[in-house]
Amino acid sequence: MFETNFETIKIFILTTISFIITIIWTPLLTHFLYKYKLGKRIRNEKETPVYSSLHQKKSGTPTMGGLLIWVTLLFLIYAIYFISQITDIEFLDKLNFLSRAETLLPLGVLVAAAVVGFVDDIYDVKSTNGGGGLKVWQRLIIYTLIALVGAMWFYFKLDWTTIHVPFIGNFDIGLWYVPIFIFIIVATAFSTNEADGLDGLAGGILLVGFVAYGSIALVQGRPDLAAFCGVIAGSLFAFLWFNIPPARFFMGDTGAMSLGITLGIVAMLTNYSLLLPIILFPLVIESGSVIIQVCSKKIRKRKVFLSAPLHHHLEAIGWPEAKIVMRFWIVAAVMAVIGVILFLMDKGS
């Protein structure tokens, strides 16, 4: 029985270990962030008057809490790998989840994007231009470059040119796979970044997303990828312990940027990326509200929302922060369940 279910048990073990490790080293990171005053700066009031007035009280709250997630994953995956290589402990061999086929690419992308996000966080903290870090167009260029590397890996290394449309089938789209891949990754990363504006909001939505795609990966027979998602979920649970309102620290771009891109990569690896808009429905709403706001201001010279993304509009009309976050979590959970149900129905059809 133990051997039969080990892949599932392995995921739960790694998720739990990840949670414990993250909890243990959080005080160390917190001490570092507060000691060196690595606090977030609120953007210039002239550019974002509603947002700035609502969030001025949060100015100075430490950022870069996303370090907890990707550093824990990096430590855990290589610690288990190296110990399993130098010992004859069979249990550690089975626990190893570093594999070229399933986790090497998302791990590399995660770390690369996290480092870029870390630099952006530092720029935000140290800048004298009113805060806010990189501009939107600068972020989009970075997302695109990272997505391009991933697309090249899929197209040339993995010979992957097929996209799956649930309930219809697989379609070989040849070179079109590259721009579609880039669009999906950039859209996921951009949307995740937009949601990182309230305590616990991005963390909760990402947690649900990784659990959903971890479940899909497990059912598909990709245990290492499922374990990868499980470890991120475990760290996100610990992160949320400190990030729920009022947040002890923020995720920062080192977390939001890297986790958004990585979740897009995981979705591509499962070939169920077309379920992303359902599983991450709150992110669709968030990025959609930003696009509507920008288009309306350009074309109609008027705003649709008091402030965008949508969560800032809800704040502006008087919703308490905790209420907004909890309701987004509920929507995220329900839509993720629907997404997994659709996956199971498609797989069984």
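Before I begin, a word on terms: a helix here is a DSSP run of at least four residues marked H or I, and helices are numbered from the N terminus. Please also keep in mind that what we are looking at is a predicted model.

Let me start with the second largest pocket, which holds about 310 Å³ of space. Of the 15 residues that line this pocket, the closest to its centre are A187, T188, S191, P277 and V284. Which helix gives the most to the lining of this pocket? That is α7, with six residues, while α7 (177–195), α11 (276–279) and α12 (281–299) each supply at least two residues of the lining.

Now to the charged side chains, where the count of salt bridges comes to four. As a general point, side chains of opposite charge can pair when their charged atoms come close. In one of these bridges K94 pairs with E90, with 3.5 Å between the closest N and O atoms; because the two residues are four apart in helix α4 (residues 90–95), about one helical turn separates them. K94 is partly exposed, at a relative accessible area of 26%, whereas E90 is exposed, at 54%.

R139 forms a salt bridge with D120, the closest N and O atoms again lying 3.5 Å apart, and this pair links distant parts of the chain, with R139 in helix α6 (residues 136–157) and D120 in helix α5 (residues 104–126). R139 also meets D253 in a salt bridge, at 2.8 Å from N to O, and these two residues, in α6 and α10, are 114 residues apart. R139 and D120 are buried, and D253 is buried as well, so that, to close, we have D120, R139 and D253 linked in a network of salt bridges.

How values were computed
Residues are numbered from 1 along each chain as its sequence is written. This is a predicted model: local features need pLDDT of at least 70, side-chain atom pairs count only at pLDDT 80 or more; totals for chains, interfaces and linings use all residues. Side-chain values use heavy atoms; hydrogens and water are left out. On a 1 Å grid over the protein atoms alone, a cavity is a set of points where a 1.4 Å probe fits but cannot get out, and a pocket is an open set with protein on both sides within 12 Å along at least five of seven lines; lining residues have an atom within 4 Å of a point. Grid points are joined across faces, edges and corners, and a volume is the space filled by probe spheres set on the points. Buried means under 20% relative accessible area, exposed over 50%, partly exposed in between (1.4 Å probe, protein chains only).
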